[in-house]
Amino acid sequence: MNGETDKWKLEAQKQAAGAGELRIKIAEHLEELRVRITDLKEMEHPENDDMSATIIKWKISQLKKEEEWMESLLRADKKNTWKSHIE
C-alpha cells in the first residue's frame, strides 16, 4: 500500500468513528426526551386548571416533535449509509 491509501483509510476510520459517536449522542438525547415526555404525561390530571393542562399538552407536543426529528436523523443516517461508500 502506498502512503496516500493509508491516509485515506485513516481519514475514513476517523469519519466513521465520529459518525458513530454522533449516533450515540442522538440516541441518548432521544432516550432523555422519552423520559421527559413520560414524566409530563404523568403530570396530566383532570384536576389541573385549564392553563396548566394547556402548558403540559404544549410541552408534550413540542417534545414529541423533537423526538420525531431525532428519530428521523437516526433513520436517515441508516438509509444514506450506502451513499457514503460510493462517494
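Residues are numbered from 1 along each chain as its sequence is written, and side-chain values use heavy atoms, with hydrogens and water left out. Because the model is predicted, local features need pLDDT of at least 70 and side-chain atom pairs count only at pLDDT 80 or more, while totals for chains, interfaces and linings use all residues.

Stop 1: Select residues 3-43, which form helix α1, and then residues 50-86, which form helix α2. Helices (H or I, at least four residues) and strands (E, at least two) are DSSP runs, numbered from the N terminus.

**Stop 2: Arg-34 and Glu-67.** Next, select Arg-34 and Glu-67, whose side chains meet in a salt bridge with an N to O distance of 3.0 Å. Arg-34 belongs to helix α1 and Glu-67 to helix α2, so this pair ties together parts that are 33 residues apart in sequence. A salt bridge is a side-chain nitrogen of Lys or Arg within 4 Å of a carboxyl oxygen of Asp or Glu. By this rule, the count comes to 2 salt bridges.

**Stop 3: Glu-71.** Together, Arg-34, Glu-67 and Glu-71 are linked in a network of salt bridges.

**Stop 4: accessibility.** Are these residues buried (under 20% relative accessible area), exposed (over 50%) or partly exposed (in between; 1.4 Å probe, protein chains only)? Arg-34 is partly exposed at 31%, Glu-71 is partly exposed at 23%, and Glu-67 is buried at 12%.

**Stop 5: around Glu-67.** Which residues touch Glu-67, leaving aside its neighbours within four places in sequence? Glu-67 is in contact (heavy atoms within 4.5 Å) with Leu-30, Leu-33, Arg-34 and Ile-37.

**Stop 6: the nonpolar core.** Finally, select Ile-26, Leu-30, Leu-33, Ile-37, Leu-40, Ile-56, Ile-60, Leu-63, Met-70 and Leu-74, the 10 residues of the largest nonpolar core. Such a core is a set of buried Ala, Val, Leu, Ile, Met, Phe, Trp, Tyr and Cys residues joined through side-chain atoms within 4.5 Å. The elements that give two or more residues to this core are α1 and α2.
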